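Let's take a friendly walk through a protein model. Have the sequence and the 3D view ready as you read.

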Amino acid sequence: NTIKNYYKWSCTKMEDCLIENQTTFYSKAEHYWKEVPPTVDGILGGYGSISSIDINGSKKFLQKFLGEGQGKTGTGCALDCGAGIGRITKRLLMPLFRTVDLVDVTQEFLDKARTYLGEEAKRVENYFCCGLQDFQPQPERYDVIWIQWVIGHLTDDHLVEFLRRCRSGLRPDGLIVVKDNVAYEGVIPDDVDSSMCRDLNVLHRLVARAGLNIICEEQQQNFPEEIYQVHTLALR
């Protein structure tokens, strides 16, 4: 569920698109990512050149919430979900947080992260190899849980359940950030990597089902015109 070009058709609910069973949906995605080279360009589906634009937009968004005092989000520990080789950990989270945990379904990516992060890798406390549908964040561990370009790999119900678990993984005034492709209408399947792209209405409904509130939402600017719009949502 990386940067994507548009597809031509959609459906209204993710499950309507899921012709095969859930096990196949997840196993196909795992197989896809095992074949992807462990590089920034590989992780970003050939759009490695926009990584800096992405990171700068994310940093500007996130820094609005960080600090000390009433209602501010702390900078102790962050979780990078669907972390890949640690692109976001290295460029966004490491400069802002004391420690970071990474979770990804592909072990090869996490192995690569240990070298890609260089000297800063010592500030990674945990590398979790796990699909997010099965991942259980430690209660009250994280100031920020960052979830980027990965929610399309979860069914609606699993996404709701995962967001609920994330909520319990937050420290006081902690924040969940979802940054992902957004469809214009409905839910658009991608058979290549076995994922979905949801429109904002669908995403908002799932966030509400998880018992979370959207405290800020922005569209990422300056991305190529041929790819999906990308929106960033801060939840708590």
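## Cysteines, a buried aspartate and a helix

The sulfur of cysteine 130 lies 7.6 Å from the closest cysteine sulfur, which belongs to cysteine 129, and that is too far for a bond. Keep in mind that this is a predicted model. A disulfide is a covalent bond between the sulfur atoms of two cysteines. How many disulfides does the structure hold? The count is zero. Cysteine 77 is in no disulfide either, with the nearest cysteine sulfur, that of cysteine 81, 11 Å away.

| Residue | Relative accessible area |
|---|---|
| Cysteine 77 | 2% |
| Aspartate 143 | 5% |

Aspartate 143 sits in strand β4, which spans residues 142–148. Setting aside neighbours within four places in sequence, aspartate 143 is in contact with several residues, including Cys77, Thr73, Phe97 and Arg171.

Now turn to helix α8, residues 200–209. Which of its residues are buried? They are Leu200, Val202, Leu203, Leu206 and Val207. These residues cover an arc of only 160° around the axis, so they lie on the same side of α8. On the face turned away from that buried side, you will find the exposed residues Asn201 and Ala208. The buried residues of α8 pack against several elements, among them α7 (156–168), β5 (170–182) and β8 (214–219).

Look at the ends of the helix, too. Aspartate 199 caps the N-terminal end of α8, with a side-chain oxygen 3.1 Å from the backbone nitrogen of asparagine 201. Just after α8, glycine 211 takes a positive phi of about 80°.

Note on methods. Residues numbered from 1 in each chain as written. Predicted model: local features only at pLDDT ≥ 70, side-chain atom pairs only at ≥ 80, totals over all residues. Heavy atoms only, no water. Buried < 20%, exposed > 50% of the residue type's maximum accessible area, 1.4 Å probe, protein only. Helix = DSSP H or I, 4+ residues; strand = E, 2+ residues; numbered from the N terminus. Arc of directions from axis to C-beta. Contact = heavy atoms within 4.5 Å. Polar contact = N/O pair within 3.5 Å; in protein donor to acceptor, adjacent residues only side chain to side chain. Disulfide = S-S within 2.5 Å.
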